Amino acid sequence: MTEAVKRRSRAARVARALLGDRPIAILAIVSPTILAVALDWVLRPRSLADFPPREILNYTGSTLAAAGFVGGPLWLVSRLFLVEGKRRGLARAGLVAFFGLVFLPFAFFAYGGQAAYYRVFHAYMGRDTVRLGIALRGTVGAWLSAWGGRVALMALVGLAITLVVAFLVRRAAPALKAAWPIVPVLGFVGAAFCFWIDFVESRSLQAAPPDTCFLHSAVTALRMRVTKHTGPTKGVSLRTPTPLPPLAPASHRPNVVVIVTESVRADAICSSPSTCVSRFLDPVAKDRVSLGKLTSQASGTFSACVMLWTGLPPDVDFHTAHRAPVLWELAKGVGYGTAYITSQNLRYDDLAAFVQRAGIDEQASAVDFGDTRDPHLGAPDERATERALAYVRGVPEGTPYFALVHLSNTHWPYRIDPALQPNAPHSEDPFGDVDALHNHYRNSVLMQERTVAEFLRELRAMPRWDDTVVIFLSDHGEQFREHGGLYHLNNVFDEELRVPGWLVAGDRALTTEQRAALASYAQRRTYSQDVQATIVDLLGLFDARASFPHADLVTGRSLLRTRLPDPEVVVSTTSGVWEDDDPNYGVARGELLLVGTLHHPWWCFDARTDPGQRAVLAATDCVGLLEIAQKRFAGVRVPPP
């Protein structure tokens with residue numbers, strides 16, 4: 001026998017030991033993953049076809065992880081089909097237990113459940129869905145009860161998948177009998193490790209089939225329990241809003257459009273045409289009025305948006321954030337048509353679920369617009385503004401509308417128009433010159449400013465403009481090494497919290513008194529909760545606010561009423577709906593800011609004498625704020641001064 005023949009013979013023995021007599025039989029073992037990928041192509045073919053190369057790699061890896069996690073146990077269980085003699089009954093009992101108690105529940109959620117979830121939310125159950133759903137409702141049963149009649153269909157689909165897989169595994173068992181169990185064991189262990197350490201993408205573009213997304217969520221829930229994660233529950237899930245009291249419509253109900261942009265700092269857009277120049281806004285909105293020195297109370301999108309929608313401060317708990325009424329519900333309660341049009345990716349961390357029960361008549365997001373090639377950028381903003389204009393044109397005469405237009409393209413990596421880059425030198429490289437990166441960001445903001453101006457031009461040309469109010473603001477700012485970091489969710493200093501904010505209105509939309517009140521805030525600090533209160537006032541509900549659920553927490557000032565003294569407000573990088581890895585907490589009043597973290601005591605900063613907020617003062621120099629901070633963050637291990 002030649003050496004080549006011997007090598008081929010050894011290779012054949014090794015292959016047989018690893019893969020059995022007919023390696024093609026492994027396709028039956030991984031049939032659950034194959035079925036999941038097929039289901040994925042049925043539910044979202046356009047999204048899958050548009051995945052960029054990076055997400056294709058993520059999808060491939062996530063698919064292999066699911067194949068190992070599910071296929072490994074199936075391969076091992078397949079041996080029970082071959083047991084004969086006295087142990088046959090015990091083997092059959094084991095098969096019934098595995099397929100009935102393990103695989104069937106998995107199939108119930110991973111196939112029927114994911115299909116039902118996707119039809120409602122245009123997203124799959126992802127990393128935290130199971131954990132947060134159970135946390136909000138207490139038990140799996142209570143969570144499932146929120147799904148209504150879909151549960152029966154999910155059960156039928158799960159049962160059908162279980163029977164098909166059991167049949168295929170039984171057919172494949174003889175061909176795999178000769179294989180050692182090393183491949184299924186290693187496949188399962190490797191896949192379990194990937195799920196355990198979050199090495200699976202099920203949060204942004206969800207570059208994973210539905211079974212992988214569910215497994216990631218289930219393993220995360222288990223990991224949190226096993227590791228005894230004792231911190232407060234944070235994240236977003238399907239809301240259970242507390243019922244509103246009866247609401248009486250106001251005699252005057254102007255149309256209200258709120259434009260919320262992403263990661264735009266105050267110095268990137270001109271909010272007050274009396275003090276600065278805007279290339280695109282000035283020709284169409286020279287009459288805009290600033291919302292004061294607007295300051296977000298959080299430097300992350302989830303926290304900032306939930307504050308704007310509910311009026312709650314960032315330190316409220318997870319359950320309260322999911323029960324408080326949102327702006328669309330209030331508007332709906334007094335006869336407004338409502339819309340949420342966004343280029344944001346609502347697949348990210350179940351944001352779609354949070355706005356599902358929000359009283360929204362028309363909703364469209366990046367999933368509907370397509371071209372969502374980067375999970376951070378979302379879909380092109382102009383598709384959102386075009387859709388918003390189409391919605392406004394379709395609202396019946398006599399029905400006021402409340403539309404929130406949520407933009408996305410100014411998030412890193414900052415979408416730009418190559419023909420519109422006046423800020424130079426510019427670079428996309430975050431590791432290079434920070435000034436060039438900042439210029440790249442400014443060019444992105446300028447492109448979005450042009451989109452907003454075109455939207456306003458169209459809106460102002462409509463017959464109903466005279467009774468329409470438009471409010472523009474950003475969710476939070478963006479840092480370019482002012483305090484050592486990049487982007488946002490680093491701290492609560494002005495580069496990440498100070499945002500643009502302005503209002504423009506038709507002649508009949510506001511009274512003379514309201515316009516004068518707004519102007520009085522021009523040089524004063526205003527906050528996220530104030531903008532929410534102002535919108536509530538425009539809807540005609542400010543005087544009824546005390547009757548709303550959780551009214552004691554909704555303390556913002558309407559900027560359309562007589563100016564009140566500077567309030568003490570809470571700011572934070574973490575909240576009931578977002579858990580920051582290195583949280584920063586603070587209390588602000590006017591130009592004073594008290595900041596504390598897990599690593600240093602409370603520090604005071606005074607922007608009147610130190611606009612860059614670099615000179616650390618004693619906590620007692622922030623008069624009256626330290627007591628509030630220690631009370632509001634009593635449950636947080638922040639060192640005393």
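Just after helix H22, glycine 540 takes a positive phi of about 85 degrees. The model is predicted: local features need pLDDT of at least 70, side-chain atom pairs count only at pLDDT 80 or more, and totals for chains, interfaces and linings use all residues. Residues are numbered from 1 along each chain as its sequence is written, and side-chain values use heavy atoms, with hydrogens and water left out.

Helix H22 covers residues 528-538. Helices (H or I, at least four residues) and strands (E, at least two) are DSSP runs, numbered from the N terminus. In H22, 11 of the 11 residues are buried, so the helix is largely enclosed by the rest of the structure. Buried means under 20% relative accessible area, exposed over 50%, and partly exposed in between (1.4 Å probe, protein chains only). Among the buried residues of H22 are Gln529, Asp530, Ile535 and Asp537.

The chain as a whole has 23 helices and 15 strands. Its radius of gyration is 28 Å, close to the 26 Å of the globule rule for 641 residues, so the chain is as compact as a globular protein of that length. The radius is taken over C-alpha atoms, and the rule is 2.2 Å times the number of residues to the power 0.38. The C-alpha trace spans about 95 × 55 × 50 Å along its principal axes. Buried residues make up 57% of the 641 residues. Contact means heavy atoms within 4.5 Å. Of the contacts between residues at least 6 apart in sequence, 75% join residues at least 24 apart.

The largest nonpolar core has 106 residues. Such a core is a set of buried Ala, Val, Leu, Ile, Met, Phe, Trp, Tyr and Cys residues joined through side-chain atoms within 4.5 Å. Those with the most contacts inside the largest core are Phe99, Phe103, Trp309, Trp328, Phe402 and Ile535. Helix H6 (residues 88-121) gives the most to this core, with 13 residues. A second, separate core of 45 residues includes Ile341, Ala366, Val395 and Leu456.

Helix H3 (residues 31-43) packs with H6 at an angle of about 10 degrees, and their axes are 10 Å apart. Axes are lines fitted to C-alpha atoms, for helices over the stretch in contact, and angles run from 0 to 180 degrees between N-to-C directions. H3 and H6 are therefore roughly parallel to each other, a label for angles under 35 degrees. On the H3 side, the contact is made by Pro32, Thr33, Leu35, Ala36, Leu39 and Leu43. H6 contributes Phe103, Tyr111, Ala115 and Tyr118. By class, this contact has 9 nonpolar, 1 polar and no charged residues. Ala, Val, Leu, Ile, Met, Phe, Trp, Tyr, Cys and Pro count as nonpolar, Asp, Glu, Lys and Arg as charged, and the others, Gly among them, as polar.

The loop between strand E6 (401-406) and helix H19 (434-460) holds proline 413. A cis peptide bond joins tryptophan 412 to proline 413, with omega about 15 degrees. Proline 425 lies in the loop between E6 and H19. The bond from alanine 424 to proline 425 is cis, with omega near 0 degrees.

Histidine 122 has a positive phi of about 55 degrees although it is not a glycine. It is found in the loop between H6 and helix H7 (129-137). Histidine 122 is partly exposed, with a relative accessible area of 34%.

Conventions:
Angles under 35 degrees count as roughly parallel, over 145 as roughly antiparallel, 65 to 115 as roughly perpendicular and the rest as oblique.
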